[in-house]
Amino acid sequence: MLTSGTLTGGTGDWGGSTEDNINRGSAVPGLPFVNYCGAGSNCETQRQGLYLENEARNFDHKENTKDFSFNAKWDPTDRLHASFDVQRITASTDNYDILVATGSMANMQYSVNKDGTPQVNLLPGSNVNYAEGGLANPHNYWMPFIQAHLEDNNAKETALRGDVEYEFDDNSWINSLKVGVRYADRSQTVRYSTFNWTPIAAPYYNCNGPGFNIDNTSPAPYPTACANGRPDFQGYGSGIWESVGLGKDFYNGNVFPNTNLVFMNRKTLQDRQGLPEAVSGPATNSPLPPGWVPICDRPGLPENSCFLPQEVMHVKEKTTAGYIMMRFGGDDKTIFNDVTVQGNVGVRVVHTEITSTGSVGFPTNTDLTRLLESPCGDPLGPNSVVNPACYLTDDILAFADASNLPNTFKTSYTHALPSLNVRFGLDDKQFIRFAASRAISRPDFGLLRNYVSIQTPVIDTAPDSPYVVYTSPDAPHTPENVKGYNFLFRAESGYAALKPVRADQFDLTYERYMGNNSALSVGAFYKKLHGSFSYGEFGREFTNDAGSKQTVLMRGPRNQKGGGELYGVEAAYQTFFDFLPGLLSGLGMQANYTYVHQSGINNSNLVTQGALDAGGTGGFGAGLDVTGNRGAVIDSHRLAGISTHSFNVVGLYEKGPVGFRLAYNWRSRFLTNNLDCCIGLPVFQKSAGFLDGSIRFSVNQFIELSVEASNLLDTKTVYQQQIFGDSIVTPGAKAVYRDAGWNRVDRRFQFGARFKL
C-alpha cells in the first residue's frame with residue numbers, strides 16, 4: 001500500500017495536437033492548459049497533473065410537523081380502568097439541494113501521518129500552463145458539472161387507541177386482564193426529483209473554447225475548427241466565485257495544508273433565480289450541450305409541477321389492531337419449591353391495508369414495427385435462428401402504444417404477534433428472566449411505489465438467446481428447432497404487496513443482586529428473521545386502453561423465504577463501593593459487554609429513492625447496481641449498525657452535592673452502508689472507543705451546575721471500504737477492508753446551570 005510519493009497522471013487524454021489542446025482549454029493566451037506531448041513535441045516529461053475537483057453545495061432543508069393529541073382516562077371502579085387517545089399529525093418537508101463543481105489539475109504529494117490519516121500537498125501540475133495565481137485563480141478552472149435536486153413531501157396520520165384493564169383479586173394468580181384496539185390511517189406523498197448531474201465543460205470535449213474558464217463573463221464564438229455552427233458562448237455570471245482555504249482548523253492543518261482553492265460563492269449557491277441565469281445551458285450556451293437545466297425547467301414536466309410522473313409517490317396505509325394481555329403471578333406466587341413467578345402473556349393481531357397510487361407508462365412500438373420490415377419467410381441474417389416477425393401478434397403491437405395510464409395497486413395482510421415475558425425468582429436476590437415474542441418491521445414507504453415504465457422487449461435472435469423458444473431445448477439450437485419467440489416486457493418498480501419482515505425473538509437472562517447497589521446479569525438472545533427484503537423478479541399483468549393484456553416481468557423489492565439470524569450473549573455489572581471510608585464511599589462503576597453473531601444475512605441493496613431506472617428501487621453506486629447487468633455488487637452479509645463486539649465501562653461518583661461520570665464506549669467494526677452511492681462498495685466504521693465525562697454540583701436545592709465533556713481522547717472515526725468479498729463473480733471470497741475516510745469531531749465541553757423553583 002502506498003505510504004508516500006508524488007502522484008501524477010499520464011499524458012495523452014487531452015488532444016491530438018497543440019491546437020486541439022487549446023480548443024479544449026487555455027488559461028494563458030496561445031498556450032493550451034495542458035501541453036500536447038505526442039509526436040513532434042518537446043515535453044520534458046510524459047506526465048501531467050492529476051484532476052482536482054472542488055465542490056460547493058447548498059442544502060436548503062425545511063421541515064414542519066404539527067401534532068395534536070388528546071387523552072382521556074376513566075376508572076369506573078377500583079378494579080376497572082379505561083383510557084382513550086386520539087392523535088392527528090401533519091408533516092411536510094421541502095429540500096433544495098444544489099452542487100457546483102470546479103475542476104483543475106495539480107501534482108499531489110501524498111504521505112501518511114502518524115495517526116494514519118493521509119496528507120495531500122498540491123503542487124504545480126506537470127505540463128500544466130497556469131495563469132498567474134495558480135489554483136487560487138478562477139481562470140485556471142473549468143466547471144465539470146452541476147447537480148440539483150428537489151423534494152416536496154407531505155404526510156398526515158390519524159391514530160386512535162382504546163384500552164380497558166381489569167385487575168383481579170390480590171389472591172388470584174391472574175393479576176389483570178387488558179384488552180385494547182388500535183387504528184391508524186396515514187398517507188404520504190413524496191415528490192423526489194432525480195439528481196440532474198449535468199456536465200458543463202470537460203477536457204475530453206474538443207471544443208470548450210471560451211467556456212473553459214469559469215471566470216469568462218464575455219460572449220465569444222467557439223473555435224472555428226470545432227464549432228460546427230454552434231451558437232456563440234454567452235459568458236458565465238460575474239462575481240460568482242470565491243477563493244478560500246480549509247485553514248488550520250481542518251484536522252489541525254495536518255491533512256490538507258494548501259493555499260486557497262476556488263469554489264462557487266455562498267451567495268450565488270443560495271440564489272435560486274440568480275444561479276440559473278449565471279450558469280445554466282440556456283443562459284450561457286456552455287460547452288457541452290445542452291448544458292445544465294434547472295429541475296423545474298426540464299422537458300416533459302406536467303403543468304405547474306417540478307416533478308416527472310415517476311418522481312411522485314402516493315401511498316396510503318391503514319392498520320387495525322387488537323390485543324389481549326394477561327398479567328400473572330407475583331412475589332407471593334410460587335412453583336417448584338418456592339420459586340416465585342410473575343410475568344405477562346398476550347397476543348396482538350394487526351391487519352394492514354396498503355394503497356399505492358401511481359402510473360404505468362407503456363412502451364413505444366417503434367422497435368417492434370421495424371421487425372415487420374423483414375416479413376416472415378425472409379432469409380435469416382447471420383447468426384440468427386429465428387425471424388421474430390413470424391411470432392409478432394397484433395395484441396403485442398397494441399400493447400406497445402406509448403400511453404400513460406393512472407394505476408392503483410391495493411393489498412392487505414394480517415399478522416398475529418404473540419409475546420411472553422416471565423421472571424422466576426430463585427430467592428430474593430437471584431432471578432431468571434425469559435422472553436419470547438414475534439415482531440414485524442414494515443417496509444419503507446419508498447419501496448411501495450407504484451410507478452411502472454415498461455420497456456420494449458429485447459430482440460435477440462442468436463442461437464443462445466433466452467427469448468428463442470425451442471421445440472427441444474436440449475437439441476441443437478437451429479432454425480428447424482424453433483417454435484416461437486418470447487416478447488418479454490420488463491419494468492423496474494417498487495412493490496406495494498411487500499410484506500413486513502418478521503422476527504421470532506428469544507431472550508434468557510440470569511440476574512443477581514448483591515445488596516442495594518450491586519447487580520450482575522448474564523444473558524443470551526436469539527433472533528430469527530423471516531421474509532427479509534431482497535431485489536428480485538415477479539410477474540404482473542397490465543392492460544392498456546386498447547384492451548391488450550400482457551404479463552410484465554417486474555424487477556424490484558420482494559420478500560425472500562428466509563432472512564438470516566442473530567444470536568449472542570451479553571453481561572453487565574454495576575456496583576457502588578460503599579464499604580470504603582468517608583468520601584470514597586461514593587465511588588462506583590458500571591460495565592457491560594455484548595457479542596452478536598450474524599448468520600445467513602443477505603443485503604437487499606434496495607433504495608427508496610433515486611434508482612438508476614425510472615420508478616425503480618435497485619441500489620447503485622459508481623456505476624454498479626443490483627439489477628445484475630451493470631457490474632457485480634459485493635454482499636457484506638451484515639446488517640447495518642451491528643458490531644460483533646461492544647463494551648462500556650463507566651466510573652461513577654455520587655456523594656452529597658457532587659456527581660461524577662466517566663464513560664468509555666468501544667465497539668468493533670460495523671456496516672454503515674452495503675452499497676455506497678459514490679464508490680459502489682460496502683462501507684464500514686472501523687473499531688473505535690470514545691471517552692466522555694460529566695460532573696455536576698448542587699449549590700443548594702434550587703441551583704445545580706454541570707460540565708459535560710465529549711470525546712476526551714480526541715478519537716477519530718475511520719471509515720473502511722470492503723474492496724473484495726462475496727459477489728456473483730467472486731462467490732464466497734474472503735472480505736478485505738481498507739481505510740478510506742476519516743472524520744474528526746473535536747473535544748467538546750458544555751457548561752450548564754439548572755434552576756428549580
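User: How many bridges join β34 to β35?

Analyst: Strand β34, residues 716-724, is joined to β35 by 8 bridges, and the two run antiparallel. Strands are DSSP runs of E with at least two residues, numbered from the N terminus, and two strands pair if DSSP finds at least two bridges between them. This is a predicted model: local features need pLDDT of at least 70, side-chain atom pairs count only at pLDDT 80 or more, and totals for chains, interfaces and linings use all residues. Residues are numbered from 1 along each chain as its sequence is written, and side-chain values use heavy atoms, with hydrogens and water left out.

User: Which residue is the bridge partner of K716 in β35?

Analyst: R744.

User: And what order do the strands of the open sheet come in?

Analyst: The order is β30-β31-β34-β35, 4 strands with antiparallel pairing. β30 (670-673) and β35 (736-744) are at the edges with a single partner strand each, so one side of each has no neighbour in the sheet.

User: Cores next. Which residues have the most contacts inside the largest nonpolar one?

Analyst: F33, I98, V100, L122, M143, M264 and V279, in a core of 53 residues. A nonpolar core is a set of buried Ala, Val, Leu, Ile, Met, Phe, Trp, Tyr and Cys residues joined through side-chain atoms within 4.5 Å; buried means under 20% relative accessible area with a 1.4 Å probe, protein chains only.

User: Which element gives the most to this core?

Analyst: β5, with 6 residues.

User: What is I98 in contact with?

Analyst: Leaving aside neighbours within four places in sequence, I98 is in contact (heavy atoms within 4.5 Å) with residues including A56, I146, L269 and W292.

Notes
Buried means under 20% relative accessible area, exposed over 50%, partly exposed in between (1.4 Å probe, protein chains only).
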